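I opened my notebook for a first look at this protein. Here is what I looked up, entry by entry.

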Amino acid sequence: MNSLHAPITIVRPQIIEFGVGVAGRLGKWASDQGFRRTLVVSDAFNASRVELLGLPGEVTIFPEVRPEPDTHNLERLLDVANAVNADLVVGFGGGSAMDLAKLAAVLAGSSQSLREVVGPNKVASRRRVGLAQVPTTSGTGSEAGIRALVTDPETQAKLAVESIHMLADIAVIDPGLTFTVPAATTAATGVDAMAHCVEAFTNRKAHPLIDLYAIEGVRLVGRFLARAVADGSDAEARAGLSLASLYGGFCLGPVNTAGGHALAYPLGTRWHVAHGAANALIFPHVLAFNTPAAPEKTEAVVSALGLAAAPSQAAVFEQAHGFCHSLGIEMRLSGLGVPRDDLPTMAGDAFAIRRLLDNNPRDLSQADILSIYEAAY
Ligand SMILES: NC(=O)c1ccc[n+]([C@@H]2O[C@H](COP(=O)([O-])OP(=O)(O)OC[C@H]3O[C@@H](n4cnc5c(N)ncnc54)[C@H](O)[C@@H]3O)[C@@H](O)[C@H]2O)c1
Ligand SMILES: [Fe+2]
């Protein structure tokens, strides 16, 4: 963990616009690039305000992205994308819209199917369209990354596609677009951003080049999340969270998440718990579990969140739990409608997510995972 000499690859969107009021810069960029036919991939809420982006030419809006989209949602989008034949695809929404935009940008007009591109580096050729991402939540950091997640309705598993061809040409991050995010979603997505940072920071593959963003992302969430939950129009707090989310996105590419996300996924796929809410519920458990394997980094996380020093595993749990609970997040699995007899199946599902569990600083057996679910019940 954390060797300076370990090889690492960093990629970024070529242009990152950041700041309250920058949304309209997308239109100027698209115009300068000569794009004429744009497909905006969005959810119902954001679809109603696409004019904020000032896009030139012919604009088609796909307004049907659902939270935690599944493959049916993607198929509907691909039908539209194939018919429109756009030269620019814009993801305008939270992680759900941005992830589907990435997939539409590489799959529309392609001979490859979703199944053929699941996994790392399976997209065969460069995309022929421009790709822009405009996040409207502060959580996933998907605007900065090369991954897209879509749920397989049959297996309930998240299919992860990872390709450099899904990296945006431009990310336009306007914290002003997040003012309307309801308090509960603000809390959940903010903890998701923090979880990306924490899980990368305490990761087996952690790297100093990423640690810098990771710990600063945690600090921003510690400083601003409660403020944004209390007052959604607090511009400084919203901007702090947009930055934390971007930093979390920087963490995901080369390092990625670990045990926390692996244990959170079955809550989303099996019981439709929102991604951030699931991560928040799991966060204190995995942070405390990992403490013996990463004591100094855990201490740094607790301190970056602005919490009092936690000298024991139990204290780490209490502090982290208190942080999430104070944001109004439901911290019991029973409170989320998860039936107790599903916990063993969930533990089996989580244990199968090797791409993340293998990153965890401490080995999590299926029995460990089940005890965490039981404790969280
Ligand atoms: N690609 C990645 O690297 C990555 C990383 C983490 C998560 N994800 C994925 O992202 C998805 C979750 O994304 P999310 O947490 O951003 O949520 P989301 O995109 O599902 O949006 C959540 C809800 O908030 C609404 N919403 C969005 N912006 C709003 C706004 N400004 N005001 C009011 N309402 C708004 C949406 O309509 C939706 O109902 C999951 O599918 C998850 O797996 C991807
Ligand atoms: Fe996440």
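My entries start with the ground rules and then go from domains to ligand to salt bridges.

**Ground rules.** I am reading a predicted model, where local features need pLDDT of at least 70, side-chain atom pairs count only at pLDDT 80 or more, and totals for chains, interfaces and linings use all residues. Residues are numbered from 1 along each chain as its sequence is written, chains are lettered from A and ligands numbered from 1 in the order in which they are written, and side-chain values use heavy atoms, with hydrogens and water left out.

**Domains.** I found two parts, domain 1 (15–178) and domain 2 (183–376), with bounds that come from an automatic or database domain assignment. Their centres, taken over C-alpha atoms, are 25 Å apart. I noted 20 residues of domain 1 and 23 residues of domain 2 in the contact, which is defined by heavy atoms within 4.5 Å.

**Buried area.** Between them, the two domains bury about 1,900 Å², with 57% of it on carbon and sulfur atoms. This is the accessible area (1.4 Å probe) that two parts lose on being put together, summed over both. On the domain 1 side, Ser138, Arg147 and Gln156 supply 27% of the area buried against domain 2, more than any other three residues.

**What holds the contact?** I counted 10 residue pairs in polar contact between the domains, both residues at pLDDT 80 or more. A polar contact is a pair of N or O atoms within 3.5 Å; within protein, one must be able to donate a hydrogen and the other to accept it, and residues adjacent in sequence count only if both atoms are side-chain atoms. Salt bridges between the domains number zero; the rule asks for a side-chain nitrogen of Lys or Arg within 4 Å of a carboxyl oxygen of Asp or Glu.

**Ligand 1.** I listed 26 residues around ligand 1, and Gly95, Ser96, Thr136, Thr137 and Lys158 come nearest; the limit is a heavy atom within 4 Å. A polar side-chain atom of Lys158 is 2.8 Å from an oxygen atom of the ligand. A polar backbone atom of Arg147 lies 2.9 Å from a ligand nitrogen, and a backbone N or O atom of Leu177 is 2.9 Å from a nitrogen atom of ligand 1.

**Salt bridges.** My count by the rule comes to 17 salt bridges. I picked out one, where the side chains of Glu64 and Arg76 meet at 2.8 Å, N to O.
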